[in-house]
Each structure stands twice: as C-alpha cells, then as structure tokens.
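Q: Can you walk me through this one? I have the sequence and the coordinates open.

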Amino acid sequence: MMGQTILHRGRRSLQRMALDPKARSAGLVLFFGGSGFLLSAAGLTGYPQPLAMGLVCALSGWSALAAAVGGAAGYLLFWGPAGYQGLCWLGIGLAVALALGKRRILDESPLLMMSIAGLIVSASGLAFQIWTEDAT
C-alpha cells in the first residue's frame, strides 16, 4: 500500500513537471547537450569522428547550441589534444547552423547541409594536417 502511494506521488510530480514549460525546456537542453556529449565519444581506429557536428548541423537555434556545448565538453574529455579538431568542427558547424537556421533554401535542397558538413570536415582535416602536422 505504501509503495503504491509513493508511485502515485512520483507520477503526479512528473506529470506536473512535464506541463511546466521551464522544466520541459531544461529537459530538452539536457537531452541535446547529452546527445552531443555522447556522440563526441565515437571513434574509429583511435580517431574522433564528426558525429556531434552532424547533430549540430541537423539542429538549429538553442538546441544546436546545447548540442555543440555538450559535444565540445565530450571532445575535450574523451580525446584530449586530438579533440581540438572536434572543437573546430563544432564551432564552424554551429556558426553555419545558426546562420542558416530554418531558411527556405534548406527545405528546397535538403542535401545542402550535409555537403556543408562534409566540406567542414575535409577543410579542417587539411588545415590540421598542414599547420599542426596532426595525423588524425
């Protein structure tokens, strides 16, 4: 009987929090930030991958900013100095995502953001190989 009462109270408090716009916004910020953080941990043969940048480019506004902050923390935590290239990916990807936002050009050509993301990765990879002599 006591366990049911605790479950009902918990469920009611969760329902009240779900209806609160501030709590919902905070939950979304935590969700997108955590998603960027987890995607930054992805690696292939010991090198970081730009999956967090892909998430940032797929979003716009505050959700893109939250994913970029979470991804930046993840690249620094998981990859150390090799994560600097990930920070570059996120910074440029966030700038593009915020600049383009929800413009009509993205609706008319859905592959545009993917090609921009590919250009960001290849250009930053070339720059890191030339200037920092980084093998990643």
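Predicted model: local features only at pLDDT ≥ 70, side-chain atom pairs only at ≥ 80, totals over all residues.

Q: Where is confidence lowest, and where highest?
A: Confidence here is pLDDT, the predictor's score for each residue from 0 to 100. Its mean is lowest in helix H1 (residues 2-19), at 78, and highest in helix H4 (residues 62-79), at 94. Helices are DSSP runs of H or I with at least four residues, strands are E runs of at least two, and both are numbered from the N terminus. For the chain the mean is 87, with 96% of residues at 70 or more.

Q: Which residues of H3 are buried?
A: In helix H3 (residues 51-58) they are Ala52, Met53, Leu55, Val56 and Cys57. Buried means under 20% relative accessible area, exposed over 50%, and partly exposed in between (1.4 Å probe, protein chains only).

Q: And what covers them?
A: The cover includes helix H2 (21-39), H4, helix H5 (84-100) and helix H7 (112-131).

Q: How many residues are in the largest nonpolar core?
A: That core has 23 residues, and Met53, Val56 and Met113 have the most contacts inside it. A nonpolar core is a set of buried Ala, Val, Leu, Ile, Met, Phe, Trp, Tyr and Cys residues joined through side-chain atoms within 4.5 Å. H3, H4, H5 and H7 each supply at least two of its residues, and H4 gives the most, with six.

Q: What does Met113 touch?
A: Apart from neighbours within four places in sequence, Met113 is in contact (heavy atoms within 4.5 Å) with Cys57, Val96, Ala97, Leu100 and Leu106.

Q: Switching to loops, where is Thr45?
A: Thr45 sits in the loop between strand S1 (43-44) and strand S2 (47-48). Its phi is positive, about 50°, although Thr45 is not a glycine. Most residues other than glycine have a negative phi.

Q: Is Thr45 buried or exposed?
A: Thr45 counts as exposed because its relative accessibility is 68%.

Q: What about Gly80, where is that?
A: Gly80 is in the loop between H4 and H5. With a relative accessible area of 22%, Gly80 is partly exposed. Gly80 and Arg11 are 69 residues apart in sequence and 41 Å apart in space, C-alpha to C-alpha.

Terms used:
Residues numbered from 1 in each chain as written. Heavy atoms only, no water.
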